[in-house]
Amino acid sequence: MRAIAICGSPREAGNTEILLKKCLETLESEGIPGELVRLSENRIEPCSACEKCFKNRDKKCVITGDAFQKVFDKMIEADIVVVGSPVYFGSATADMMALLQRAGYVSKANGNMFSRKIGGPIVVARRAGQNFTYAQLLYWFMIGDMIVPGSTYWNVAFGRAIGEVNNDAEGIKTVVRFAENLAWLAKKLWGDG
Ligand SMILES: Cc1cc2nc3c(=O)[nH]c(=O)nc-3n(C[C@H](O)[C@H](O)[C@H](O)COP(=O)(O)O)c2cc1C
């Protein structure tokens, strides 16, 4: 079993990354290795609506010259897909949505390639917009035939400056429990292997 945690923030070592690392550390402690992928290091253009993925049905996007295919292939190889985004004007980042919209379309064109993978979103903001952004990202999982476990709260946290999210004990606790539930569910579904 493998996990991938995708960070939609342009800030390296920022609050989103801190939360995703907590998630990966918890999975690792449960025997599930994972990888952090930063979209800041993997530029991805938006979907051009060419619909060639539906014509070709070759599990690829025809836009080349960016990091989409590399990140998409890692998502497909993983059993657990977690996405994290800061809230920007009440929404997930453009980087994150560019990835998810292209990944979602290529997946649909090829018979729902994310079917029954497990995962979910994690969101952080200074003050407001977390719930909307959490829901926005959740829509991607739910239309993708995926399975999302809960936690003891929604996976949202507070923080503005880099590192501030460490002061949000409840936010961290929620993410750790979410990761525990991912591991619990993964083992129920696929055993310890
Ligand atoms: C362009 C921009 C828009 C933002 N919009 C919001 C917002 O709508 N609500 C909010 O509470 N914080 C907002 N923030 C603050 C970030 O969500 C916050 O600093 C977050 O911790 C950044 O996560 P990061 O460290 O992973 O980049 C915004 C920040 C930026 C740069």
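Buried residues have under 20% relative accessible area, exposed residues have over 50%, and partly exposed residues lie in between (1.4 Å probe, protein chains only). The structure is a predicted model, in which local features need pLDDT of at least 70 and side-chain atom pairs count only at pLDDT 80 or more, while totals for chains, interfaces and linings use all residues. Residues are numbered from 1 along each chain as its sequence is written, and side-chain values use heavy atoms, with hydrogens and water left out.

**View 1. Two loop residues with positive phi.**
Glu51 has a phi near 65°, a positive value in a residue other than glycine. Its place is the loop between E2 and helix H2 (52-56); here helices (H or I, at least four residues) and strands (E, at least two) are DSSP runs numbered from the N terminus. Glu51 counts as partly exposed because its relative accessible area is 40%. Arg116, likewise a residue other than glycine, has a positive phi near 60°. Arg116 belongs to the loop between helix H4 (94-109) and strand E4 (118-125). With a relative accessibility of 62%, Arg116 is classed as exposed.

**View 2. The salt bridges of Arg38.**
A salt bridge requires a side-chain nitrogen of Lys or Arg within 4 Å of a carboxyl oxygen of Asp or Glu. By this rule the model contains nine salt bridges. In one of them, the side chains of Arg38 and Glu12 come together at 3.9 Å, N to O. That pair connects distant parts of the chain, 26 residues apart: Arg38 is in strand E2 (residues 34-38), and Glu12 is in the loop between strand E1 (3-7) and helix H1 (15-29). The side chain of Arg38 also forms a salt bridge with that of Glu17, at 2.8 Å, N to O. Because Arg38 lies in strand E2 and Glu17 in helix H1, this second pair ties together parts 21 residues apart in sequence.

**View 3. The salt-bridge network around Arg38.**
Salt bridges link Glu12, Glu17, Lys21, Arg38 and Glu41 in a network. Which of its members are buried, and which are partly exposed? Arg38 is counted as buried because its relative accessibility is 17%. Glu17 is buried too, with a relative accessible area of 1%. Glu12, in contrast, is partly exposed at 47% relative accessibility.

The side chains of Glu180 and Arg177 form a salt bridge at 3.0 Å, N to O. Both residues are in helix H6, three residues apart, which is about one turn of the helix. Glu180 is partly exposed, as its relative accessibility is 28%. Arg177 is also partly exposed, with a relative accessible area of 38%.

Thr133 is a residue of helix H5 (residues 130-143). Its relative accessible area is 0%, so Thr133 is classed as buried. Apart from neighbours within four places in sequence, Thr133 makes contact with Val87, Gly90, Ser91, Ala92 and Val123, where contact means heavy atoms within 4.5 Å.

Pro10 sits in the loop between E1 and H1. Pro10 is partly exposed, since its relative accessible area is 44%. Between Pro10 and Ser40 there are 30 residues of separation in sequence, but the C-alpha to C-alpha distance is 4.8 Å. Once neighbours within four places in sequence are set aside, the contacts of Pro10 are with Ser40 and Tyr88.

**View 4. Charged and nonpolar surface patches.**
Patches consist of residues with over 30% relative accessible area and no salt bridge, like charges being joined within 9 Å and nonpolar side chains (Val, Leu, Ile, Met, Phe, Trp, Tyr) within 5 Å. Accessible areas come from the Shrake-Rupley method with a 1.4 Å probe, and for residues only the protein chains shown count as cover. Lys and Arg count as positive and Asp and Glu as negative, with His and the chain ends not counted; the charge is placed at NZ of Lys, CZ of Arg, CG of Asp or CD of Glu. Arg11, Arg126, Arg127 and Arg160 form a positive patch. One of these, Arg160, occupies the loop between strand E5 (156-158) and helix H6 (169-190). Arg160 is exposed because its relative accessibility is 51%. Ile147, Leu189 and Trp190 make a nonpolar surface patch of about 250 Å². Trp190 is part of helix H6, and Trp190 is partly exposed with a relative accessible area of 36%.
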